[in-house]
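Thanks for coming. I have one structure to go through, and I will keep it short.

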Amino acid sequence: MHVENGNTIKTRFLRVSEENFDSILDETAAIIRSGGTVAFPTETVYGLGADGLNPTAVRKIFEAKRRPPGNPLSLLVHSSEDLEKVARNIPEKAFRLMDAFWPGPLTIVLEKNDTVPGITSGNLQSIGVRMPDHIIPLELIKRSGTPLAAPSANLSGKPSPSLAAHVVADLAGRIDAIIDGGEAAIGLESTVIDMTVKPPVVLRPGAVGIEELEKVIGKVRSGYKNDNVGTDAAPLEKQAGQKYGHYTPYTKVVLVEGESKFVSKQIAKLLENYMSREEKVGLLLSEEIADLFDAKGLGADECFLLGSQEEPEVAARKLFEGLRNLDSKRLDVIIADGSFSLSGIGDALINRLREASSIRFAI
Ligand code: TXA
Ligand code: MG
């Protein structure tokens, strides 16, 4: 059987409890050892794991996700022995980052060892490595006895999964097992920092912010754009993305960034425009913006609330759920509120909103 022709694999769905933890981890570790694929929660988002040192197993990840070949996978490790198996010439500053942020939401790109097959690293000489802060992947790696190649457990191009239900929607019938361990605590993917260059470059923002990184290793460069350009309400061009696209819902997303007053006015105006064309509109809003106008009263078809502007960590946890929820409602357009504070994880939140959107308005 070959997954590329459709959903043909029987996927085991395993909901973890205190009683069955041990048997589920043994069962899924056996799947990994035999070259299979298992999705599991981490503290960032759900991952789709396979033996990262086994090219046949890794190929199954690419097939299941329909991920373009060449897009590098990162590896999840459990111990410093795992780390030394997969990376070499590790700079002193990288060890400092590990001491400060591991286990946790930081992927560190390092020079790779020859044990890591080319298919895993996208034929690069480097490899992203992370030690997750979650008992399920840590136990799974330990019991499988191998580092896991583990991209986010979504179909390529879809928002990352923060709930097991999202993995089921994308990958049921395409992978061997799904472990349901509840909602991912952070909800956005890890920060990625490339330590093979000087100064180090942050390739993807996440829960570990640039200031926090700089406190530990000094100057780092931002390899993504989160600065606002433009001062009027004209739509901005989509930022030059990474080589491979991310986070694109099926439905068109229009993002409005700026101060509350501008954002609420602009959203109300857009809503009116789309409705006059009889288009179905969904709104993805902070509580503050939702309070400024009556979305249903104005005729929006759907509204998903991300929580308060002042709590970007709550909005981060709910973002992918909100995008997936609205995306399932057969809307013509989703208008997203980008008025969130840029502090803490807010930078990563705005980055993901920009990636999801095809049109942006900013003040
Ligand atoms: O939080 C996370 O990182 C989640 C959980 C499951 O661990 N995983 C995840 O994996 O988001 P993925 O494959 O969806 O994203 C990994 C990112 C990609 O943007 C990839 O291009 C980049 O890291 N990456 C991996 N290895 C790289 C390398 N050697 N050089 C540059 N970028 C790399
Ligand atoms: Mg991903």
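This is a predicted model: local features need pLDDT of at least 70, side-chain atom pairs count only at pLDDT 80 or more; totals for chains, interfaces and linings use all residues.

I start with helix α2, which covers residues 55-65. Which residues of α2 are buried? They are Ala57, Val58, Ile61, Phe62, Glu63, Ala64 and Lys65. In general, an α-helix has 3.6 residues a turn, so residues three or four places apart point the same way. The buried residues of α2 pack against strands β3 and β7, and also against helices α5 and α7. After the helix comes Arg66, with a positive phi near 55 degrees.

Next is Thr11, in the segment before β1. Thr11 counts as buried because its relative accessible area is 19%, and the cut-off is under 20%. What does Thr11 touch, leaving out residues up to four places away in sequence? The list is Leu171, Ala172, Gly173, Arg174, Ile175, Asp176, Ala177 and Ile178. With Ile175 there is a polar contact: a polar side-chain atom of Thr11 is 2.7 Å from the backbone oxygen of Ile175.

Now Leu283, in strand β14, residues 281-285. Leu283 is buried, at a relative accessible area of 0%. Its C-alpha atom is 8.2 Å from that of Asp301, which is 18 residues away along the chain.

Last, the rings. Searching the whole structure gives 0 aromatic pairs. Tyr250 does have Lys158 over its ring face, at 3.5 Å from the ring centre.

Notes
Residues are numbered from 1 along each chain as its sequence is written. Chains are lettered from A and ligands numbered from 1 in the order in which they are written. Side-chain values use heavy atoms; hydrogens and water are left out. Rings of Phe, Tyr and Trp (its six-membered ring) pair if their centres lie within 6.5 Å; planes under 30 degrees apart count as stacked, over 60 as edge-to-face and the rest as tilted. A charge sits over a ring if NZ of Lys or CZ of Arg is within 6 Å of the ring centre and within 35 degrees of the ring normal. Helices (H or I, at least four residues) and strands (E, at least two) are DSSP runs, numbered from the N terminus. Buried means under 20% relative accessible area, exposed over 50%, partly exposed in between (1.4 Å probe, protein chains only). Contact means heavy atoms within 4.5 Å. A polar contact is a pair of N or O atoms within 3.5 Å; within protein, one must be able to donate a hydrogen and the other to accept it, and residues adjacent in sequence count only if both atoms are side-chain atoms.
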